[in-house]
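Keep the coordinates open as you read.

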Amino acid sequence: MLTSSPQNADPLPVLAPSEIDVAIREAAEALDAEWHDETILACERALKADAGCAEAVLLLGLVHFDLDEPAKAIEILERAHELNPLMQECVDALAAIQVLVGKVGEALFHAKLATTLAPHPTIKNLLPERFGTFFKNFKTGDPRTYFHRAERSFEAGSFAEAATLCQHQLELTRGDPETLRLLGRVTLKMGQFESSISAFHAAMHTSPPEAGDLLSLGSALRATGHGEDAEACHAEALSLSPDDPVLHSATVADLVRRPGTDAGNIEAAHAEWRARHASTIEPRALPPTGPRDLERPLRVAYLSGAFRQNDFIELFEPILRLHRPARIAAFCYSDTAHMDTSTESLMSVAAKWTDIAGIDDETVCEILRGDEIDIAVDLSGHFEGGRPLVFAQRPAPVTLSWLGYPHPHGMPGLDYFLTDSTAWPSATGAPASGPEMWPLPRAPLAYIAPTAIPDAGPLPAAQSGVVTFGVKCDLTLITPDLARAWAGILRSQDTATLLICNRFDQDEASIQRVADLFSHFGLRARINVVNMSDNFASNFAFYDHVDIALDTGSCESLVENCRALWMGVPVIGQAGNHHAARLGASLLSGAGRAEWSVGLGSELVTLAWQLSKDLDQLAGLRATLRDQVGASPLGDPVGLYTALEDTYREMWRRCAAGA
């Protein structure tokens, strides 16, 4: 939309015909300098005097093209041509712009028409040179310019910009399947799941689906509550590309992150992946290191696809910063889709930084071996950007998995998986295949709150008289089983309410899905789903409105649980039946609150009642919990780093001894 003059500005003067030319010349000069506001104001002056001034309309059309609105620009230029069919510059502009956006036939018509017309009799620069000509733009033009720009924006993580560019492209090439597929992926990242589903379905109406399309469509369908359709999409995706390990990893990762997934299903999914993609790989037997090297500084490689701003970085960066090259030199290998300030911060700390995006697994192994890495640490597993096939080949004498992927993936070249006795109780025994489970003497993660964290406020229930349970999460994590468990809490307490924060501002359909889950239990009036960006200025502000926090049981809620604890809010955690589902219990154990981890049944309801019945106790926790967890192993990254360093050294000694 064009901006109009302020309403309180002086009335625009009515110009004499000779003064219209002056306004048009000023507008043309401003456009040539790319001063769009000045161009618009000068054109408004001319149009005030003569509403049919074709020159002013022409220049406004060119402004729209400069502002990445080609369809609107062409519409306005066609209006200018109607006003003055003999104006050569207008027809030249139509030809130049239409050929740029792929309308070659219409552009050629206007190019031929322009040869029969004369230039403007008094104004020489109505069409600045930067807009080109039909013949110049025909050689250099790209009918899918906006699509390619959208691809670059998507890869850079600028999803809103990419969505806008896709819409521009679709205005020019309606129904283009590649643009629709990209729009489906973009809107999926933005949490606009209904839009994503619509885009993928539209693409599939015009061309056969690709495996990646079905995978993304399945994710969008699951987010909107269509679990069976999602499973069908993922199965079809694997049937189309059975040998694609990245696509297959995405389906495994979906199981691992989803609350309530059965342990047997997770093990079966990992076993199927190994059988399909890693069964023929023989890990390289790297020569053991002699005793003379036992105490030398070690080179430790960290491989991740998540070296950018996210919750994982809040746990990993403090540990990375504690590395000292005289003892442990940290080498980072990044398969991160896009970089940001967090990436740059990590780069400044690492002893060496290597971007491995787009490099095949075999070459990555050779890069690590060329860097003489002693210990390689997998931080991503099957999550986006992970390199499980690198670890299947054994890229270093010692290999292990820690922190970034919540379940042992069982690659043949992986030696160890770091855990603790809460996440992997001794009674569980060793995994059926894969690494040795290595329990640390403490929780395998630690958290440092930002220096700008606000003070814990007063207990909301003390003011309202109503206990508010709260959860801040990706809404796709709220499954029917989880909603049923939380509904049990509300039904056991007459007045308690549940506040759900839509952490990533996912679309209205996602909010409605969650609301419907609680409507099934007659509890819609006692829950409130609110968007993060509309209501809370920081990640911590939500907890000013919450008395007791609820854990989703997903590995993606770990940092959110830490934020709750640091705001003095007790967290009711979950102790599930596999490693990923017990990480919340591990976190609470590290915070000195192991008693807050329970199952989803009657234990959950009982604990919620015990915590909520004593408002004085909740108020006391509000005032003291931050200091308590700050003094616990969960708040002690130095203690975690010391345990890691000791573990690395012991693993290295084992390797040197040939164990």
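This is a predicted model: local features need pLDDT of at least 70, side-chain atom pairs count only at pLDDT 80 or more; totals for chains, interfaces and linings use all residues.

Start with helix 9 (residues 159–172) and helix 10 (residues 177–189). They pack at an angle of about 155°, and their axes lie 9 Å apart. Angles over 145 degrees count as roughly antiparallel, so helix 9 is roughly antiparallel to helix 10. The crossing of the two helices is left-handed. Helix 9 brings Phe159, Ala162, Ala163, Cys166, Gln167, Gln169 and Leu170 to the contact. Helix 10 answers with Thr179, Leu180, Leu182, Leu183, Val186 and Lys189. By type, nine of these contact residues are nonpolar, three are polar and one is charged.

Now move to the cores. In soluble globular proteins, nonpolar side chains tend to be buried together. Here, the largest nonpolar core holds 72 residues. Within this core, Phe469, Trp486, Leu565 and Ile572 touch the most other members. Helix 21 (residues 480–492) supplies the largest share, seven residues. A separate core has 52 residues, including Ile40, Ala56, Leu58 and Phe159.

Look at Ile572 in detail. Leaving out residues up to four places away in sequence, Ile572 touches Phe469, Ile548, Ala549, Leu550, Asp551, Trp596, Val598, Leu604, Leu607, Ala608 and Leu611.

Finish with Gln628, which sits in helix 27 (residues 615–630). Is Gln628 buried or partly exposed? Its relative accessible area is 34%, so Gln628 is partly exposed. Gly592 is 36 residues from Gln628 along the chain, and their C-alpha atoms are separated by 8.2 Å.

Conventions:
Residues are numbered from 1 along each chain as its sequence is written. Side-chain values use heavy atoms; hydrogens and water are left out. Axes are lines fitted to C-alpha atoms, for helices over the stretch in contact, and angles run from 0 to 180 degrees between N-to-C directions. Helices (H or I, at least four residues) and strands (E, at least two) are DSSP runs, numbered from the N terminus. Angles under 35 degrees count as roughly parallel, over 145 as roughly antiparallel, 65 to 115 as roughly perpendicular and the rest as oblique. A crossing is left-handed if the near helix is turned anticlockwise from the far one by less than a right angle, and right-handed if clockwise. Contact means heavy atoms within 4.5 Å. Ala, Val, Leu, Ile, Met, Phe, Trp, Tyr, Cys and Pro count as nonpolar, Asp, Glu, Lys and Arg as charged, and the others, Gly among them, as polar. A nonpolar core is a set of buried Ala, Val, Leu, Ile, Met, Phe, Trp, Tyr and Cys residues joined through side-chain atoms within 4.5 Å. Buried means under 20% relative accessible area, exposed over 50%, partly exposed in between (1.4 Å probe, protein chains only).
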